[in-house]
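Biologist: I've never read a protein model before. Could you walk me through one, feature by feature?

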Amino acid sequence: MATSITGSLGQDTNYSSISDLITQWPTAAQDQGIQLSGIAFDGFETNYTNPIPISNLTLATNENPKSGLSYGAVPGIGVYGSYSGWFTDPTKSRAEINYDPNTNLSQALKVKWADNKDITSATIGLSALLPKSSSAVNDQGNEVALLKLFNNGAEVSASNFTIIRVNPPTSGQKPIGVSSDGLTFIGDSPDGNFTFQIQANSTSVAFDELRFSAKAYDSPTAAYATSTSPKSDGSDFLVRSIQYQGIDVTPTPTPTPTPTPTPTPTPTATTPSIFQFAQPNYTVAEGGVATINVTRTGGTEAASINYATFDGSASSAGTAADYTTAAGALNFAAGVTTASFTVTALTDSILESSPETVNLVLFGGNVGSSPSILTINDVPPTGTTATPTPTATTPSIFQFAQPNYTVAEGDVATINVTRTGGTEAASINYATLDGSASSAGTAPDYTGTAAGLLNFAAGVTTASFTVTALTDSILESSPETVNLVLFGGNVG
C-alpha cells in the first residue's frame with residue numbers, strides 16, 4: 001500500500017557549530033534512510049553517513065587558511081577536496097562542490113533515497129552560488145550549478161518536472177536551464193543564495209536520487225578567459241537545505257497460494273466482508289474536514305480494507321494545494337459494520353469557477369462500490385465577490401461507460417471511458433487497484449496497470465484501455481474483482 005512521506009535535510013540558515021551540521025545532515029540522512037556521499041574528481045565515492053567521515057567532520061569556514069578535513073562549511077554541505085591550481089600547497093582544500101577548469105571535471109554531492117521511496121517534489125536551497133565580481137578577486141564569472149535526477153539508477157529527464165524559483169533577486173535574475181543533461185542554475189544573487197522548487201508534472205514521474213555538481217563559469221571575465229593553465233579559480237557552491245515529499249511504494253507481500261488438487265472448492269468457515277462507501281458523494285467547504293464513512297456487509301469477523309485519495313480536479317501537490325492526501329487501512333472489529341477516515345480541504349486565495357473534486361478509492365479486499373467523489377466547494381476570499389470569472393471553454397467530465405465489466409480468465413477486457421461537456425482535446429488518468437483479485441505474486445489473477453493516460457482528441461467522446469485476465473490452476477469459489485479508477489480531472 002502506497003503511503004505519503006515527507007522529510008528534510010539541512011536548514012535555511014548558516015550552521016553555528018559542528019554538532020548543528022552533523023544533526024542536520026549525516027545524522028538526519030541516517031534517520032531517514034538516505035545515502036549521503038561525496039564523489040571526488042577521480043570518481044571515488046565516500047559515504048558521509050559512516051562513522052569515520054562523521055568523526056572527521058569539522059566546520060570549515062572557507063576563509064584563509066583554506067584547510068581542514070571537512071565536507072561541510074558554515075553555509076552548507078559539499079565535497080571535501082582540492083583541485084589542480086588551487087594555491088600552491090597540496091594540503092589546501094575546500095568543503096564546496098568544486099569545478100576544476102583545468103580538467104573540466106567536477107566533484108559531486110549525491111543524495112540517494114531508498115529504492116522504495118519515490119520523491120515527487122522538493123524545495124532545495126543552494127548557498128555560495130555567487131555572481132561575477134571582478135577580475136581582481138575570486139569568482140571571475142557567474143558560478144554555475146548542475147543538478148541531475150535519477151530513479152532506480154536511470155537518469156530522469158528534467159523536462160518531466162516544473163521548476164519554480166523562490167525569492168529571486170529583484171534585478172539581474174538568471175534563467176534556469178532545463179535540458180536532457182539536467183537543471184542548470186547560474187549565480188545571480190549577491191548573497192549567493194539560490195532556492196527553487198521542483199514538482200513532478202504527472203503521477204507517473206518521480207526521482208530517488210539527486211546529484212549536484214558544478215560547471216564552468218558563465219560569462220567569465222576577459223582576464224580569466226585568456227589566462228593560461230593552471231587556472232586557480234572555478235565555479236563552486238554548497239547545498240544548504242532540502243525539504244521533500246513523495247510516496248513509499250514498498251509492496252505488500254502476497255502469500256503464495258497452494259494449488260487445489262481437486263476441482264471441488266474447499267468450503268470456508270466464514271463469509272467474506274464486502275466493503276463500500278456509505279454514500280457515492282461527499283461535500284466539504286474549503287478549510288473544512290470531511291468524514292468519509294465506509295460500511296461492510298456479509299462477514300462479521302474482524303477485517304480491514306485499504307483506502308486512498310487520488311486527485312480529481314482538486315490537487316494535493318504544489319504550493320497551493322486544495323486538500324491533504326489521505327491513505328491507510330480501515331480496521332473493522334468483530335461485529336462492527338462502519339468505520340471512517342477524514343479528508344482535510346485546504347483554504348486558498350484562488351476564486352475557482354466551479355467546485356473541485358477528489359476521488360475516494362477502496363482496494364485490497366472485496367469492494368462493492370468504488371470510487372466515491374468528494375466535492376470541495378470554494379469559499380471566496382475576504383474582500384472578493386463570489387462570482388467566478390467565466391471560462392472560455394466547458395470542462396470535460398469523464399466516467400466509465402458502464403459500472404461493471406466482466407471477463408473470463410485468459411481473455412482481455414476493453415474498458416471504455418466517455419466524456420461529456422467540453423469538446424476540446426483533453427486527457428484523464430486511469431489505474432487498476434487490487435480488489436479480491438491480485439496482480440502480484442507467483443500466480444497473479446490479472447496484469448495490473450499502475451497508472452496510464454487516456455487522450456481524447458478534439459470532438460472525440462470515447463477512449464479505452466485494456467485489462468488482461470490471467471489463467472491459473474486454482475478453482476476459485478467465487479468470481480474475483482478488480483477496481484478501475486479515473487483521476488487527475490473532472491470525474492463523473
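Predicted model: local features only at pLDDT ≥ 70, side-chain atom pairs only at ≥ 80, totals over all residues.

Biologist: Okay, and how do I check the length of a helix? What should the 14 residues of H1 span?

Modeller: You count 1.5 Å a residue, so H1 should span 20 Å. The C-alpha atoms at the ends of H1 are 18 Å apart, which agrees.

Biologist: Which residues in H1 are buried?

Modeller: A residue counts as buried when its relative accessible area is under 20%. In H1 that goes for Asp-20, Leu-21, Ile-22, Trp-25, Pro-26, Ala-28 and Ala-29. The cover over them includes strands E1 (3-10), E2 (35-39), E4 (72-73), E5 (76-77) and E17, plus helix H2 (51-55).

Biologist: And what follows H1?

Modeller: Gly-33 does, and its phi is positive, near 70°.

Biologist: Let me zoom out. How many helices and strands are in the chain?

Modeller: You'll find three helices and 32 strands. The chain has 492 residues, and 42% of them are buried. Looking at contacts with a separation of 6 or more, 72% link residues 24 or more positions apart.

Biologist: How should I think about the nonpolar residues inside?

Modeller: In soluble globular proteins, nonpolar side chains tend to be buried together. Here, the largest nonpolar core has 48 residues, and Ile-124, Leu-126, Leu-210, Phe-212 and Val-239 have the most contacts inside it. Helix H1 (residues 18-31) gives the most to this core, with five residues. Another core, of 24 residues, lies apart from it, with Phe-275, Val-284, Ile-305 and Ala-314 among its members.

Biologist: Now a charged one. Is Asp-236 buried or exposed?

Modeller: Buried, because its relative accessibility is 5% and the cut-off is under 20%. Asp-236 is found in strand E17 (residues 236-248). Beyond its neighbours within four places in sequence, Asp-236 is in contact with Arg-94, Glu-96, Ile-97, Asn-98, Ala-128, Leu-129 and Glu-143.

Biologist: What about whole strands? How many of the seven residues of strand E15 are buried?

Modeller: Six of them, so E15 (residues 194-200) is largely enclosed by the rest of the structure. Now look at its partners. Strand E9 (residues 117-127) runs antiparallel to E15 and is joined to it by six bridges. Ile-124 has Phe-196 in E15 as its bridge partner. Strand E12 (residues 161-166) is also antiparallel to E15, again with six bridges, and there Val-166 stands opposite Thr-195.

Biologist: I notice that Ile-124 came up with the core too!

Modeller: Well spotted: Ile-124 is one of the residues with the most contacts inside the largest core.

Definitions and conventions:
Residues numbered from 1 in each chain as written. Heavy atoms only, no water. Helix = DSSP H or I, 4+ residues; strand = E, 2+ residues; numbered from the N terminus. Buried < 20%, exposed > 50% of the residue type's maximum accessible area, 1.4 Å probe, protein only. Contact = heavy atoms within 4.5 Å. Core = buried A, V, L, I, M, F, W, Y, C linked by side-chain atoms within 4.5 Å. Expected span 1.5 Å × (residues − 1). Pairing = 2+ DSSP bridges.
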